[in-house]
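Subject: Handover of the model

Dear colleague,

Please read it alongside the coordinates.

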Amino acid sequence: MIGLLDEARRLSMFTAYNTNVDAIVYLRGETVQRLIDEFGAEAVKKRMDEYPREINEPLDFVARLVHALKTGKPMAVPLVNEELQGWFDSHFKYDVERMGGQAGIIANLLANLDFSRVIVYSPHLAKRQAELFVPKANLFYPIVEDGRLVLKHPREAYRQNDPVKVNRIFEFRAGTTFRLGDETVTVPFSGRFIVSARFESIRIYTEERLKPFLPEIGLMSDGAILSGYQGIKLRYSDGKDANYYLREAKKDILLLKREKDIKVHLEFASIQNRELRKKVIYNLFPLVDSVGMDESEIAYVLNALGYPELAERIFTYNRIEDTVLGGKILIDEMNLEVLQIHTIYYLMYIAHAGNPLGEDELKSSLELATTLAAARASLGEIRSPEDFKVGLSVPYNERGEYVKLRFEEAKRRLRTREYKIVIIPTRLVKNPVSTVGLGDTISTGAFTSYLALLRRKDAL
């Protein structure tokens, strides 16, 4: 498996579009009390009863935060008023600031694994964002100077006035106490409350002056990992809409592939709005070679494709048989080369029978992916290729044999002769240092090792 990672590390990769700053606050009772006292307990309770669905003003935030603390349930609420960024920065000292967003996480991971060259692109690169990229000589950001494509480290390419997307994560612990008027509240469970930035200024696109150089970036790359389309809005105040940005996204993929048919992987993330989800699926899936998602996301996709009963079965029962059936539908209707599904207990590849890789090769790709994720969960972050070995000592989860049994049953019940379908149990870390970016790590490990195995095949 280490040999396969070494082969993958010879690749040059391009990744885009979404990066953000994850600003983390470890909440204490006195911090919550200070917020309640600032607005008054009665005002907070009244706004809690109104249950704002988004954050437009500070009281919306305090009300939803206190609600999350009382129930002990993890929650995420969008912040739509960009002017509130200053209020948050003046009220909280962030304990940790780290890279967020799929493209940013993937770029840092590939750079730390010493891949040959990693080109990362986000249309917004403020200094605060740029400084979260790892200081590696193999990591580049594309810019245009004097009509030519120039690659610089992101820390040398930032733009002073660019907007920055900051997701503020408030980690809370069971047992934390505070007063809400006459009531003493004790937080029942540990969790996190996420204030996710949803600003019009943050968009998913390629700048016009860079667009003509995408074929050149494609020539430099062995593969591309694209993500962040969940950040597109249906409509914008300037008259642009999702259709505009998806048309541009389609052009980007075609331009990347124009001079060399590089493999493109789309990392899918949940899109709550069914209309937008459908637009992303129908516009982009047919243009890419590979898609990665978890089991709830495949249910969302199937629902949008017109299979609500199958989607509901996956949501309700989470049976491997239904996931296999859904995966077959997806690669047939979208003509994908390969679909990768990651869950807490297993990883799965679904491809057509004509895929050049054999089932054992596909399994080895998934093995690398779960080992890489286990190393990240154990360490919190991958900082060098050597860290991969930590994942090798992590055991497979206790449901491994059950997963294999259910998979064999599914293959017997379903027609699978026209497909190559492989499944492996995951290596599961009992007490992970961090779970952030594990899905992105799995997809990155799987896709890059898949490319390495294809290259090995071509060399024979």
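Leaving aside residues up to four places away in sequence, Q33 touches F178 and R179, where contact means heavy atoms within 4.5 Å. Helices here are DSSP runs of H or I with at least four residues, strands are runs of E with at least two, and both are numbered from the N terminus.

Before going further, some notes on the source. This is a predicted model, in which local features need pLDDT of at least 70 and side-chain atom pairs count only at pLDDT 80 or more, while totals for chains, interfaces and linings use all residues. Residues are numbered from 1 along each chain as its sequence is written, and side-chain values use heavy atoms, with hydrogens and water left out.

Helix α11 (residues 295-305) is mostly covered, with nine of its 11 residues buried; buried means under 20% relative accessible area, exposed over 50%, and partly exposed in between, computed with a 1.4 Å probe on protein chains only. The buried residues are E295, E297, I298, A299, Y300, V301, L302, A304 and L305, and they pack against α10 (274-284), β14 (290-294), α12 (308-317), α13 (320-334) and β15 (338-342). After α11 comes G306, which has a positive phi near 100 degrees. In strand β14 sits V291, which is buried because its relative accessible area is 0%. With residues up to four places away in sequence not counted, V291 touches H265, L266, F268, F285, L336, V338, L339 and Q340.

The helix pair α14 (359-379) and α17 (residues 438-459) packs at an angle of about 145 degrees, with the axes 8 Å apart; axes are lines fitted to C-alpha atoms, for helices over the stretch in contact, and angles run from 0 to 180 degrees between N-to-C directions. The residues of α14 that meet α17 include E361, L368 and R376, and among their counterparts in α17 are L438, G445 and K457. By class, this contact of α14 with α17 has 11 nonpolar, five polar and three charged residues, where Ala, Val, Leu, Ile, Met, Phe, Trp, Tyr, Cys and Pro count as nonpolar, Asp, Glu, Lys and Arg as charged, and the others, Gly among them, as polar.

At least two lining residues come from each of β2 (20-26), β4 (96-100), α6 (102-112) and α14, and by class the lining has 13 nonpolar, four polar and seven charged residues.

Some backbone features deserve a look. Most residues other than glycine have a negative phi, and most peptide bonds are trans. A16 and Y17, however, are joined by a cis peptide bond with omega about 20 degrees, and Y17 is placed in the loop between β1 (12-16) and β2. Both A16 and Y17 are touched by S227, as are N18, Q102, A103 and E267, residues up to four places away in sequence not being counted. S227 counts as buried because its relative accessibility is 0%, and it is found in the loop between β12 (223-226) and α9 (242-256).

Y51, in the loop between α3 (41-50) and α4 (58-71), has a positive phi near 50 degrees, and N318, in the loop between α12 and α13, has one near 55 degrees. Y51 is partly exposed, with a relative accessible area of 26%, and N318 counts as partly exposed at 36% relative accessibility.

With best regards
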